[in-house]
Amino acid sequence: MELLEAMLRIRRFEERCVELYSAARIRGFVHLYIGEEAVAVGVNETLTPEDAVVSTYREHGHALARGIPAEAVMAEMFGRTTGCSGGRGGSMHLFDASRRFYGGNAIVAGGLPLAAGLALADRMREQHRVTCCFFGDGAFAEGEFHETANLAVLWNLPLLLVCENNLYAMGTALGRHEAQTDLALRAASYGMAAWAVDGMDVEAVEHAARRATEAIRAGAGPHFLEARTYRFRAHSMYDPDRYRDKSEIERWKTRDPIDQLRDRMRENGELGGEELTRIERHLTDEIDRAVEAAEQAPEEPVEDLLRHVTSGPAGVRRL
């Protein structure tokens, strides 16, 4: 039930973001996670509050699954000071150090070396924590992935690498930019445990992630998960999405992770109509409150815009 509610929270939150963006109440780039909810929810279910998460620019789902309140995420989308990044990050730079959520990152593969650094710090301090880094299949074309994978194995880092393979790097199909499309096989070439999982099945993702995190905590070094998933929406709200056949999108929608879990629960007698209605009503109220709070929250004063831009000399306390 918790997995279902967590996925529905992400889906309903982002559907509201589409409405708000279309009405010009949210501005800037917005990359939707609709269709991929099983990955964020399944993986986060296996992490503890002491673990760390590093994300991508498609990170609304990761942030909500990590436990960042919808109000803090929505306020950030609006650019308000009550947002989780103080209104300075927007859609692509959600951040919450109190939950060890070390941000979205606008650079493809940019979060990977940061995750390696966090994992190295934990290893040096002998803290048995896991750093989880999400990234897309497009990251395989970047040097940061290969540098991070190499060092993670060389230094035996407590790092979980989760590749959300949605088959497209922006508008480029996987087979057009990678000669070997079995990404788990490529990751294994670095000497780390690696396997693929059905990224449209939240229970399968949770099982695979738990297996990996338990091994990492036991000192087995870095692990790699290739979550084979699919985004139902375009790369971003600006994207006309002309590089995919509509029939392909509709075919993947028949494997909607929310529908699959809901149907399975109904077949097992674990979910009734009243329970689903209750969850939907609760989430509608939660997101309504988040939008209302964001609209009423203050924008950053112009006189504060230079704060956090540069640091003062060492030992000098800035007001």
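Okay, let's start with a cluster of rings: Phe 135, Phe 140, Phe 145, Tyr 190 and Phe 224 are linked by ring pairs. A pair here means rings of Phe, Tyr or Trp (its six-membered ring) with centres within 6.5 Å; planes under 30 degrees apart are stacked, over 60 edge-to-face, and the rest tilted.

Before I go on, a word on the model. It's a predicted one, so to speak of local features we need pLDDT of at least 70, side-chain atom pairs count only at pLDDT 80 or more, and totals for chains, interfaces and linings use all residues. Residues are numbered from 1 along each chain as its sequence is written, and side-chain values use heavy atoms, with hydrogens and water left out.

Back to the rings. The structure holds 11 aromatic pairs. One of them is Phe 145 with Tyr 190, an edge-to-face pair at 6.5 Å centre to centre and 85° between the planes. Where do the two partners of this pair sit? Phe 145 is in helix 6 (residues 143-154), while Tyr 190 is in the loop between helix 8 (183-188) and strand 6 (193-198), so to say 45 residues apart, and the pair links distant parts of the chain. By the way, helices (H or I, at least four residues) and strands (E, at least two) are DSSP runs, numbered from the N terminus.

Are these two buried or exposed? Buried means under 20% relative accessible area, exposed over 50%, and partly exposed in between (1.4 Å probe, protein chains only). Phe 145 is buried, at 1%, and Tyr 190 is partly exposed, at 26%.

Another pair is Tyr 168 with Tyr 243: the ring centres are 5.5 Å apart and the planes are at 50°, so this pair is tilted. It also links distant parts of the chain, with Tyr 168 in strand 4 (residues 168-169) and Tyr 243 in the loop between strand 7 (223-228) and helix 10 (246-253), 75 residues apart. Tyr 168 counts as buried at 10% relative accessibility, and Tyr 243 as partly exposed at 26%.

Next stop, helix 4. The buried ones are Ala 70, Ala 72, Val 73, Met 74, Ala 75, Glu 76 and Met 77. What covers them? The cover includes helix 1 (2-22), helix 3 (60-66) and helix 12 (273-296). After helix 4 comes Gly 79, with a positive phi near 75°.

Contact means heavy atoms within 4.5 Å. Beyond its neighbours within four places in sequence, Thr 131 is in contact with several residues, including Ala 52, Val 54, Leu 118, Asp 122 and Pro 158.

Last, the whole chain. How many helices and strands does the chain have? There are 12 helices and 7 strands. The radius of gyration is 20 Å, close to the 20 Å that the globule rule gives for 319 residues, so the chain is as compact as a globular protein of that length. That radius is taken over C-alpha atoms, and the rule is 2.2 Å times the number of residues to the power 0.38. The C-alpha trace spans about 60 × 50 × 40 Å along its principal axes, and buried residues make up 50% of the 319.
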